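Work through the exercises below with the sequence and the structure in view. Each task is followed by a solution in steps.

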Amino acid sequence: MNCFVGETERDLAAAVAAWSAGLGARISAAEKAGAIPREVIAELGPLGVLRMSVPEADGGLGASAVAFALVLEELAAAWASLAVGVAVNSGIVIGTIVRNGTVEQRRRWLPQLTDGSGLGAFALSEPTSGSDAASLRAAARRDGDGWVLDGRKQFITNARYAPVAIVFARVGAPDPRKASAGITAFLVPLAAPGVSVGPAERKLGLRASDTSALILDGARVGADAVLGEVGKGFALAMAGLDGGRINIAAQSIGIAKAALRRARSYAKERRQFGRPIADFEGVRFPLAALEAQVDAARLLMLRAAWLRDRGRPFTREAAMAKLYASEMAQRATHAAVQTLGGNGYMREYDVERYARDGRATTIYEGTSEIQRLVIARSLLAA
Ligand code: CAA
């Protein structure tokens, strides 16, 4: 892995791994309660994790995409619910503000997204637009100096922790010839009049991570809420997702790594037929094959992040990394459950949580089918 990773990146990842190891029983308590405690998010502020992706000129660490991905991998290996919250905040939300925000927008929002007081949200999906993101229905109209937004955003990670959400809404009537026409990104403070958060979704996994609807009912924001240019929001969302997909690859790898680590230690301890089950090929070969797949996924992730750090195109590579890593995480977590047998199915052992948490990675930030579509378009373009 050293071909892409320097000493600073490794040190940052090791520091986060050490911090995560101390989370202990707080993880199972939070998963049971269905919420990440505010004090855990507060600890991430001084740790520096939340401002890794903010440039030094804006008060951040200016860390590379490679470093951030490796940190997320460690965070996800400990606690996937926290990792997705951080990935959305410090990856897609902060990244989009850093790339497109004015000096004033960066000054206003970046400190609130990095000091541990909350986690930002990215509000693209709606009840009737998921994979077909450009078909969104949320609407924005000018009102005096500012804007009024109406619509319902669905499955919004961090909604109840967010000081601000990047909300995508259409300005003007839909254009049947160009689905993405008019889509505009807005920085919507959650405290703005007309903004409310729906009840938390009840999920298969990632139970401590907040997933809620964001309801815009005549929501009023100022003229300074427009992020980038009016009508140019869809490309901004797509570029944000390109980076986000590297981070979901990192999350998938972290979950898979943790599941396989648990399976290995169990296989060496558990005895059947007079010897450790790790002696049987039925157990050792799947673990060996999956270890190779974890490394393959990490190399795909690092390649995409490395290209991004150099300002080179990485849309296809990010989609490949996300596709492969998230599918690999399904195989790895299920193999871990199988290795632990009956115990793997029980809540006392972490592997059932890894399997449930990992399931989301082939769905959010673009399903596997959407990743294949993105790869195929780039591969087969005229
Ligand atoms: N970067 C910049 N611009 C891009 C782009 C990219 N990667 N991909 C497309 N665009 C631009 C195009 O150039 C085009 O611009 P012009 O009209 O100016 O030429 C415009 O966007 C429209 O592009 P397409 O015609 O390709 O758009 P499409 O409607 O065919 O959709 C899609 C493409 C890939 C299917 C897209 O809709 C998509 O990614 N869907 C999945 C949505 C998704 O990932 N949702 C995740 C929700 S967020 C989430 O999960 C976060 C969380 O909370 C965990």
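**Exercise 1.** State which residues of α8 are buried, and what they pack against.

Step 1. Buried means under 20% relative accessible area, exposed over 50%, partly exposed in between (1.4 Å probe, protein chains only). In α8, the buried residues are V283, L287, L290, Q293, V294, A297, R298, M301, L302, A304, A305 and L307.

Step 2. These buried residues pack against α4 (65-78), α7 (233-269) and α9 (315-344), contact being heavy atoms within 4.5 Å.

The model is predicted: local features need pLDDT of at least 70, side-chain atom pairs count only at pLDDT 80 or more, and totals for chains, interfaces and linings use all residues. Residues are numbered from 1 along each chain as its sequence is written, and side-chain values use heavy atoms, with hydrogens and water left out.

**Exercise 2.** Describe how α4 and α8 meet.

Step 1. The two axes come within 8 Å and cross at roughly 145 degrees; axes are lines fitted to C-alpha atoms, for helices over the stretch in contact, with angles from 0 to 180 degrees between N-to-C directions.

Step 2. From α4, A65, V66, A69, L70 and E73 take part, meeting R298, M301, L302, A305, W306, R308 and D309 of α8.

**Exercise 3.** Find the salt bridge of K257 and place its partner.

Step 1. K257 pairs with E74 at 3.0 Å, N to O; a salt bridge is a side-chain nitrogen of Lys or Arg within 4 Å of a carboxyl oxygen of Asp or Glu.

Step 2. K257 lies in helix α7 and E74 in helix α4, 183 residues apart.

Step 3. K257 is buried at 17% relative accessibility, and E74 is buried at 18%.

Terms used:
Helix = DSSP H or I, 4+ residues; strand = E, 2+ residues; numbered from the N terminus.
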